[in-house]
Amino acid sequence: MQYREKLDELETRFEQLTASMADPEIISDGEQYRKTAKSRSDVEEIVSTYREWKKADADMQQAKGMLSESDADLIAMAQEEIAGLEPAILRIEQELRVLLLPKDPNDDKNIVLEIRAGTGGDEATLFADEVFRMYTRFAELKRWKVEVTHVSHSAVGGVKEVIALISGIKVFSQLKYEGGTHRVQRVPQTETQGRVHTSAITVAVLPEADDVEINVQAKDIRVDTFCSSGPGGQSVNTTYSAVRLTHLATGTIVSCQDEKSQIKNKEKAMRVLRSRLYEMELEKQHAAMSAERRTMVGSGDRSEKIRTYNFPQNRVTDHRIGLTLHQLDLVINGKLDEIIDALVAHYQAQKMNEMAA
């Protein structure tokens, strides 16, 4: 098998890290213990899969050795075992090739999800609201936590803009390919002649940065407080609980009024602000990522699309991978796994081809 030497090195590293976690000196140093545990966790899955392959390979060699026996029953048993082991070994080797791909350092992060209505007027705001509910339901199925930090409603009950924090296990790895322009084709509620209209919204998915990656100083931020608007009762609408943060160096502005507590609103706004600043820093370091970010957000025009949701035909199409499903009713209710799995597989295959080249 390819990469055997690399896998042996990773297994040795895993054993060393496991031993280090039992070292009293490391246990007594919280930061060092955290780093060691994280490093061990990063290679645990690949080492576990490699050990599964080694066992299957050993069983295969033993079964092949039985083919030289004179007992017909033993030979038949060996042939049956080999027939079962061959596809299992191929599957494990494919998993190892994927696990050996360069890891996106953001895959384990939580995200900031930003959805904005584009072209299409009121219909675009209604679709933005539906797409946000789609991701919320998907998050519920994954047992992730969704926290809205900002929402701006339209006159027809749609959403002009919504920003939310989504926390859980490997959130960015699942949703990082959702960024781009999403297009909807359907008969709007306001259409009296039954004509199908096309509208568009933009979705951006940003990895959430922590304090270590982006250190935002208090002196670099202007904090403004104001009365929240919208539903929430008297305590929300008459107290200065809403918070607006302005990062002076970049002019980045983040608002949050979802909570009744000014402190909680400020904490949420800071999480969004750090993530936006982190994204800016990544764009500076990687020109390619900057181009990808611009492509992701686009202008919200109907012609710039990564996915189309066609309601009359119950059809959803992801244009990047040519995938079409006639189950829009399920997708819009959060059943996104088939699309997301296909996207992940597509981009993993691209990476493998690049490595082979």
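The model is predicted: local features need pLDDT of at least 70, side-chain atom pairs count only at pLDDT 80 or more, and totals for chains, interfaces and linings use all residues. Residues are numbered from 1 along each chain as its sequence is written, and side-chain values use heavy atoms, with hydrogens and water left out.

Let's start with the whole chain. It holds eleven helices and eleven strands; helices (H or I, at least four residues) and strands (E, at least two) are DSSP runs, numbered from the N terminus. Of its 357 residues, 42% are buried, meaning under 20% relative accessible area with a 1.4 Å probe, protein chains only.

Now look at strand 5 (residues 197-207), where nine of the eleven residues are buried. Strand 1 (residues 111-117) runs antiparallel to strand 5, and strand 4 (residues 180-186) also pairs with strand 5 in the antiparallel sense. Two strands pair if DSSP finds at least two bridges between them.

Strand 7 covers residues 242-247.

| Strand pair | Bridges | Example partners |
|---|---|---|
| Strands 1 and 5 | seven bridges | Glu 114 and Ala 204 |
| Strands 4 and 5 | seven bridges | Arg 186 and His 197 |
| Strands 6 and 7 | six bridges | Asp 224 and Arg 244 |

Methods: Buried < 20%, exposed > 50% of the residue type's maximum accessible area, 1.4 Å probe, protein only.
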